[in-house]
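Subject: Structure handover

Hello,

Here is the structure for you to look over. Please open it before reading on.

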Amino acid sequence: MFSGIIEETATVIDIIRDRDNIDLKLRCPFTNELGIDQSVAHNGTCLTVVAIDNDCYTVTAMKETLERTNLGLLHIGDKVNVERSMMMNGRLDGHIVQGHVDQTAVCIAKEDANGSTYFTFEYQENQEMALNGYFTVDKGSVTVNGVSLTVCNPTANSFQVAIIPYTFEHTNFCNIEKGSVVNIEFDIIGKYIARLQQLK
């Protein structure tokens, strides 16, 4: 479980392909605090630490993860948003994030907002998924590359978010341009409500 508050950006040091899986080796400032089997969200995707080597650690992404996320598009040198799992004795500064990416979206617009930046993302419309809570609502929560954000101007298959300068500079939002592919996770509360409606 995560909160969507990014701790650091990790740098991809190596990518090792093993059949349908890939091992990602990353350099991160908090590597010395990690342990084997620990969960870390990478662009919002929960992965398990499988090896630690000085200031680098390794995680494995399996085929289904690669098909649902943007992790298979990473290259050596890319920056990845990382967050360790949430401590239950602290404040929930973002929203409840599972680290289970639902699908990817494409940035279709990036606009200056006199200090902040507006990003518009479009995702594949699927009526069945929408009925199961895979949609956004105005002022609701969404996770983009692991960042907990507030939705504005949602449509059936797109939404907009406003990024303040601090978030822009301290996450990989600084590298997102029109055409960039991002990971999105819809709000789990909306999914449960949609499911309850189906069971009535």
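Predicted model: local features only at pLDDT ≥ 70, side-chain atom pairs only at ≥ 80, totals over all residues.

Six strands make up an open sheet. Their order is β10-β9-β12-β7-β8-β11, and the pairing is antiparallel. The edges are β10 (147-150) and β11 (158-163). Each has a single partner strand, so one side of each is left without a neighbour in the sheet. From one strand to the next, the twist averages 40°.

Strand β9 (residues 141-144) runs antiparallel to β10, and four bridges join the two. In one of them, Val144 has Val147 in β10 as its bridge partner.

The second largest pocket

Val147 turns up again here. It is among the residues that lie nearest the centre of the second largest pocket, with Ile5, Tyr166, Thr167 and Thr171. This pocket has a volume of about 280 Å³ and is lined by 16 residues. Both edge strands of the sheet, β10 and β11, supply at least two residues each to the lining. So do β1 (8-18) and α3 (165-170). By class, the lining has eight nonpolar, six polar and two charged residues.

The largest pocket

The volume here is about 330 Å³. The lining holds 13 residues. Closest to the centre are Asn70, Leu74, Asp78, Asn175 and Val181. Seven of the lining residues are polar, four are nonpolar and two are charged.

Best wishes

Notes: Residues numbered from 1 in each chain as written. Heavy atoms only, no water. Pairing = 2+ DSSP bridges. Axes fitted to C-alpha atoms, helices over the stretch in contact; angles between N-to-C directions. 1 Å grid on protein atoms, 1.4 Å probe; cavity = no way out; pocket = protein on both sides within 12 Å on 5 of 7 lines; lining within 4 Å. Points joined across faces, edges and corners; volume = space filled by probe spheres on them. Nonpolar A, V, L, I, M, F, W, Y, C, P; charged D, E, K, R; others polar.
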